[in-house]
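Hi everyone, thanks for coming.

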Amino acid sequence: MNIVIIGNGPAGNTLASKLDSEGVKVDLYSNEEVNFYSRIRLPSCLGDLDKLNSLCVKNEQSYIHHEAVVAIHRQSKTVLLADGTSKHYDKLVIATGSNPLIFFNQSGLEGIYTLRSFHDAVKITNDLVSPVCVLGGGLLGLECALEINKLNHSVTVVQGDSYVLNKQINETAANIVSQKCMERDNFNIICSTLAKSVEGDKRVEKLILSNGDILACNTLLIAAGVRPSTSLAKGCGLDISKAIKINQYCQTSDKDIYAIGDCAEYNNECPGLLPVALSTANVVANHIIGNKIEYVPPKQLPTRFQADDLLVASFGEMRGKCYSKQVEERYEAWYIEDKKVVGAILIGSKSHLPLAKASLNKEVEDVNVLLDF
Ligand SMILES: Cc1cc2nc3c(=O)[nH]c(=O)nc-3n(C[C@H](O)[C@H](O)[C@H](O)COP(=O)(O)OP(=O)(O)OC[C@H]3O[C@@H](n4cnc5c(N)ncnc54)[C@H](O)[C@@H]3O)c2cc1C
């Protein structure tokens, strides 16, 4: 049986290695020139080419081919490669991930970037010019902004929502985090405003905001979300909504084609997170070797974020009744519904991480026990 996998991210790479270790013949096609690397560690390596290079695995498996897939032909069960050759598959797995949203590319100005791939990180590293503006105050935007500021660049984060990390934490927590970040030299955060346009001669020089402000900007990093990469699936007529629709075995509308990771949508959800990539890869590896394990979306995906020495952690969901307490930079919010803890936000509260993990989805007698600090 020929298994063909498209994409060498964590979903495709994990699946290929599991199948290979089971003795299944696999061919994985990657459109990236470099060997497999940890995408989530790219921000912490910005500005340091040696550190970036050390992210890539040294020896790559022989089943990985650095050639892009440009089309899927379902009738002949083949994929067409960028070099013009075709490869037959019995089962095909689409693991093409997602692409960052990009704005202002029609301006033709230099100095505008997104960070998704190793190649992006190298380009940014080789071309960082202050002042830097980061569009998006989510996890990726804020992390990149802090890393770039550590490289002695002046950075302004522009966040459309009214506070940073709004998907993970509440407004009070976000204010503590923002304040902590802005204690850094040459670090600013502007919320509740959108980027309207860019101006410059050859390179970006100004970022114009919807509130009328004009920011000096010689490098613009856009971290405003991603869109699942579905063009190959669309081209061969698979069912697509936000992403490629899959069933509980990660099969698409064609039973011989699976989709996993960021490019797949299960029950109207495509969260774009690493645990989903690993978990869907595991389901498909098992399905191909004959074990029918049903995909169960990872439930609580805890978030950890480090703003200098301030640890930010969030668990579960922000719903139900909120009980909170703040002592200087330490803040906790516990969300209780039907007597059960459904979510928790911990800022500067490392010692309560085990408590939050242990309490999630459990009944709580006395909320004061949780807020005991
Ligand atoms: C900087 C950054 C930090 C992140 N941090 C976190 C985090 O802390 N926690 C978390 O849970 N998630 C995080 N994420 C998200 C996480 O990286 C993704 O959810 C995960 O990488 C998805 O894996 P994937 O294999 O589905 O897709 P991807 O990792 O996107 O890999 C898809 C691969 O397919 C390739 N490809 C696409 N089209 C083709 C084609 N036609 N032919 C051949 N190859 C193709 C792409 O180039 C890419 O290499 C982060 C993402 C980024 C960019």
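**Around the ligand**

Let's start with Gly272: one of its backbone N or O atoms sits 3.2 Å from an oxygen atom of the ligand. Before I go on, keep in mind that this is a predicted model. Leu273 also has a backbone N or O atom by a ligand oxygen, at 3.4 Å. With Asp262 it's the side chain that takes part, with an N or O atom 2.8 Å from an oxygen of the ligand.

How much of the ligand does the protein bury? On its own the ligand exposes 990 Å², and the protein buries 85% of that. The elements giving two or more residues to the shell are α1, residues 10–21, and α8. Of these, α8 gives the most, with three residues.

Counting everything, 30 residues surround the ligand, and Asn31, Glu32, Arg39, Arg116 and Asp262 are the closest. Sorted by class, the shell has 16 nonpolar, ten polar and four charged residues.

Leu278 counts as partly exposed because its relative accessible area is 36%, between the 20% and 50% cut-offs.

Now, salt bridges. Side chains of opposite charge can pair when their charged atoms come close. How many salt bridges does a search of the whole structure find? It finds 17.

Take Asp254 and Arg74, whose closest N and O atoms are 3.0 Å apart in their salt bridge. That pair links distant parts of the chain, 180 residues apart: Asp254 is in the loop between β18 and β19, and Arg74 is in the loop between β4 and β5. Is Asp254 buried or exposed? Asp254 is buried, because its relative accessible area is 14%, under the 20% cut-off. Arg74 is partly exposed, at 30%.

The loop between β18 and β19 shows up again with Asp256, which pairs with Lys91 in strand β7, 165 residues away. Here the closest N and O atoms are 2.7 Å apart. Asp256 is partly exposed, with a relative accessible area of 22%.

Two more to point out. Glu317 and Arg319 form a salt bridge at 3.1 Å; Glu317 is partly exposed at 44%, and so is Arg319 at 33%. And Lys180, Glu183, Asp309 and Glu329 are linked in a network of salt bridges.

Conventions. Residues are numbered from 1 along each chain as its sequence is written. This is a predicted model: local features need pLDDT of at least 70, side-chain atom pairs count only at pLDDT 80 or more; totals for chains, interfaces and linings use all residues. Side-chain values use heavy atoms; hydrogens and water are left out. Buried means under 20% relative accessible area, exposed over 50%, partly exposed in between (1.4 Å probe, protein chains only). A residue is near a molecule or strand if one of its heavy atoms lies within 4 Å of it. A polar contact is a pair of N or O atoms within 3.5 Å; within protein, one must be able to donate a hydrogen and the other to accept it, and residues adjacent in sequence count only if both atoms are side-chain atoms. Accessible areas come from the Shrake-Rupley method with a 1.4 Å probe; for residues, only the protein chains shown count as cover. Helices (H or I, at least four residues) and strands (E, at least two) are DSSP runs, numbered from the N terminus. Ala, Val, Leu, Ile, Met, Phe, Trp, Tyr, Cys and Pro count as nonpolar, Asp, Glu, Lys and Arg as charged, and the others, Gly among them, as polar. A salt bridge is a side-chain nitrogen of Lys or Arg within 4 Å of a carboxyl oxygen of Asp or Glu.
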